[in-house]
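Here is a short report on one protein model. Keep the structure in view as you read.

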Amino acid sequence: MAARAELARRVERWLLPAECMSCLAPATGSDDGLICAVCIMRWRPVPEPRCGTCGEPLSFGAACRLCAAWPAGFGPVRSAVQFDERTRGLVHRFKYAGWWRLADVFAGRMASLLTDVGDGDLVPVPLARRRLRRRGYNQAERLAAAIARQTGLPLRPERLHRDRETPTQTRLTPEARLANLAGAFTASSSIRPAWLVDDVFTTGATLTSAAQALLDAGAPQVGAVTFARAEPPLAEAARRLGPFTLPIRDEELE
C-alpha cells in the first residue's frame, strides 16, 4: 500500500510540477513538493524563554500565569511555530479549504518536538460532528496520523470523545472559553500517557478540557503538541490596534 502511494506521488510530481502552496514559486528543496524550503525557513519558532508547562513565552523574569489553574498532570504543551502572517493562510486552508496534505509538512515540525517523550499515545482533539460533516475531515486527526507515521508513536483517536457541540470560541474571553468547553469531552479508560494533537494553541481552553477528561480516565500524564501558537489575546489586540482601526479577530481560532 505504501509503495502504491509513493508511486502515485511520483506520477503526480511528473505530471504536475511542484508549486509552493505558500508563495506559488517552484517548490525546490522540498521533499513533499507542497511548501518550498524558503517558506519553511521563514516560519518563526515560538520565542524563548518559555514556560515549561504551557509553553507561553516569558519576559522580564515574570512567572507564567496562563497555566496556574491547569490540572495537575497536564503539560508540557509544545508548539512548532508562531501563528503569524506566514502561517495563518496555510493553517486556514488546511483547516477549512481541504488542503489536508499540508498535514505532512506541519507534522514534520511537530514531530521534532517529541523526540524525548518516550512512550505515549497520540490523541487528536475531536471535532464537533457538525463541523466534521461540513469540513469532511478532522484536521487534528490528520496531523496526529502524520506524526504517528514520522515518529512511530501509536495513534489512539478512540481515547477521546466529544460529547456535545459547543458554540464557536472566536469572540470569547479565556474564562468564557473554559466555561464553554466544560464537560465537552469524555475519555476511555487508559493508564497510558497521552499527547494531545491540535493545529493551533490559542488560550489553551480546548486542550485543558480535553486533558482533564483524559486524566479523569486514568492517564498519568497528558502533554500536547500543536503546529502553531497564537499570540496572547491582549498582545494580539495591541499589535493590531491602529489609530483608526478596531481589533480584528481570526475566524479560524475556535
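Predicted model: local features only at pLDDT ≥ 70, side-chain atom pairs only at ≥ 80, totals over all residues.

Four strands make up an open sheet, in the order β1-β6-β5-β2. Their pairing is parallel. Two strands stand at the edges: β1 (74–82) and β2 (121–124). Each has a single partner strand, so one side of each is left without a neighbour in the sheet. From one strand to the next, the twist averages 25 degrees.

Asp121 stands opposite Ala194 in β5.

## Helices across the sheet

Helix α6 spans residues 139–151. It lies across β2, β5 and β6 (222–229). Its direction is at about 125 degrees to β5.

Helix α8 covers residues 205–216. This helix lies across β1, β5 and β6. It runs at about 170 degrees to β5.

## Arg159 in its loop

Find Arg159 in the loop between α6 and β3 (160–162). Is Arg159 buried or exposed? Its relative accessibility is 5%, so Arg159 counts as buried; the cut-off for buried is under 20%.

The side chain of Arg159 makes a polar contact with the side chain of Asp121, at 2.9 Å. Leaving aside neighbours within four places in sequence, Arg159 also touches other residues, including Val123, Thr186, Arg192, Ala194 and Leu214. Asp121 and Ala194, the pair that stand opposite each other, are both among the contacts of Arg159.

## Ser190 in another loop

Ser190 sits in the loop between β4 (185–187) and β5. It is buried, with a relative accessible area of 15%.

Which residues does Ser190 contact, leaving aside its neighbours within four places in sequence? They are Arg159, Ala217, Gly218 and Ala219. Ala219 is also in contact with Arg159.

## One side of helix α3

Now turn to helix α3 (residues 88–96). Five of its residues are buried: Arg88, Leu90, Val91, Phe94 and Lys95. They cover an arc of only 165 degrees around the axis, which puts them on the same side of α3. Why can residues that are apart in sequence point the same way? An α-helix has 3.6 residues a turn, so residues three or four places apart point the same way.

Just after α3 comes Gly98. Gly98 takes a positive phi of about 80 degrees.

Technical notes: Residues numbered from 1 in each chain as written. Heavy atoms only, no water. Pairing = 2+ DSSP bridges. Axes fitted to C-alpha atoms, helices over the stretch in contact; angles between N-to-C directions. Contact = heavy atoms within 4.5 Å. Buried < 20%, exposed > 50% of the residue type's maximum accessible area, 1.4 Å probe, protein only. Polar contact = N/O pair within 3.5 Å; in protein donor to acceptor, adjacent residues only side chain to side chain. Arc of directions from axis to C-beta.
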